[in-house]
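I opened this model with my notebook beside me and wrote down what I looked up, one entry at a time. Do follow along in the viewer.

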Amino acid sequence: MEEIFTLTAEPECSVSSYFYGYFGCACALVLSAMGSAYGIARCGVGVASIGPFKPEVVMKSLVPSIMASIVGIYGLIVAVIIASTVTKNDYASYKGFAQLAAGLAVGLSGIAAGWSIGVVGEIGVVHAGHERKVFVAMVLVLIFAEALGIYGLIIGIVLSSKGTQVKCHAST
C-alpha cells in the first residue's frame, strides 16, 4: 500500500498563513464584541423596564450588563495575543491555522455567553426588581453563562500558543 501523505522536515510557510492568523485575530475581537453587545443591549432593556417603577434597584440591575461587557474583553485578550505573534518570515501555516481556531473558539463562545447573559439578564433584572430573592438566583445563572466565555478564552489562549516560530524561505 502506498503512502498518501508524507511528512517533511521543512515547515509549510505560505502567504496565506498571515491571512489565517489575522483572520483569527479579527474573529476573536469581532465575534466576542457582537456577543457582548447583544448581552448589554438585552440587559439594558431590562434595566430600562424596571427603572421607572423601582429606581432604587437600577444600580444593582447593572450587574448583568457588566458581566456581558467582560465577554468582549476575552476576545480582546486573545486578539492581542494573536496579533503580537504574527511575524514576518517565520510564520508557518500550522501556526496560522491554530490562531484562526483560537479566534473562532473565543469568538463563538463569546457569542454564546453574551446571548445567554442577555436573555437571563433582561428577564432576571425585571423579576429581581419585584422579588429580591430572585437576584441571587439570577447572578448564579449569569456566572454559569459567563463561564462559557471563560472556556473559550482558555482554549483560545492554548490554541494561540500552538506551533513554533520557524524560519521560512525568502520565496514566501
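**Entry 1: α2 against α3**

I started with α2 and α3, whose axes come within 8 Å and cross at roughly 175°. Axes here are lines fitted to C-alpha atoms, for helices over the stretch in contact, and angles run from 0 to 180 degrees between N-to-C directions. That angle makes α2 roughly antiparallel to α3 (angles under 35 degrees count as roughly parallel, over 145 as roughly antiparallel, 65 to 115 as roughly perpendicular and the rest as oblique). I listed who makes the contact: from α2, residues including P64, M67, V71, Y74 and I82, and from α3, residues including K95, Q99, V106, I117 and V125. Contact means heavy atoms within 4.5 Å. By class I noted twelve nonpolar, seven polar and one charged residues between α2 and α3. In this scheme Ala, Val, Leu, Ile, Met, Phe, Trp, Tyr, Cys and Pro count as nonpolar, Asp, Glu, Lys and Arg as charged, and the others, Gly among them, as polar.

**Entry 2: what I am looking at**

I reminded myself that this is a predicted model, where local features need pLDDT of at least 70, side-chain atom pairs count only at pLDDT 80 or more, and totals for chains, interfaces and linings use all residues. Residues are numbered from 1 along each chain as its sequence is written, and side-chain values use heavy atoms, with hydrogens and water left out.

**Entry 3: the whole chain**

I found four helices and zero strands, in the order α-α-α-α. Helices (H or I, at least four residues) and strands (E, at least two) are DSSP runs, numbered from the N terminus. Of the 172 residues in the chain, 40% are buried; buried means under 20% relative accessible area, exposed over 50%, partly exposed in between (1.4 Å probe, protein chains only). Among contacts with a separation of 6 or more, 86% join residues 24 or more positions apart.

**Entry 4: α2 by itself**

How far apart are the end C-alpha atoms of α2? They are 34 Å apart, which agrees with the 33 Å that its 23 residues should span at 1.5 Å a residue (the expected span is 1.5 Å times one less than the number of residues). Its buried residues include S65, A68, G72, G75 and A79, and their cover includes α1 (15-50), α3 and α4.

I also clicked on I81 in α2. At 27% relative accessibility, I81 counts as partly exposed. Leaving aside neighbours within four places in sequence, I81 touches I157 and S160. C25 is 56 residues away from I81 in sequence, yet 8.3 Å away in space, C-alpha to C-alpha.

**Entry 5: α3 against α4**

Next came α3 (residues 93-130) and α4 (residues 134-160), which pack at about 175° with axes 7 Å apart. That makes α3 roughly antiparallel to α4. I counted 21 nonpolar, ten polar and two charged residues in this contact.

The 27 residues of α4 reach 39 Å from first C-alpha to last, close to the 39 Å expected. F135, M138, L142, E146 and L153 are among the buried residues of α4, and α2 (63-85) and α3 are part of what covers them.

**Entry 6: a lysine to look at**

Is K95 buried or exposed? At 6% relative accessibility, K95 counts as buried. This lysine sits in α3, and its side chain reaches the backbone oxygen of S160 at 3.4 Å.

Definitions and conventions. Polar contact = N/O pair within 3.5 Å; in protein donor to acceptor, adjacent residues only side chain to side chain.
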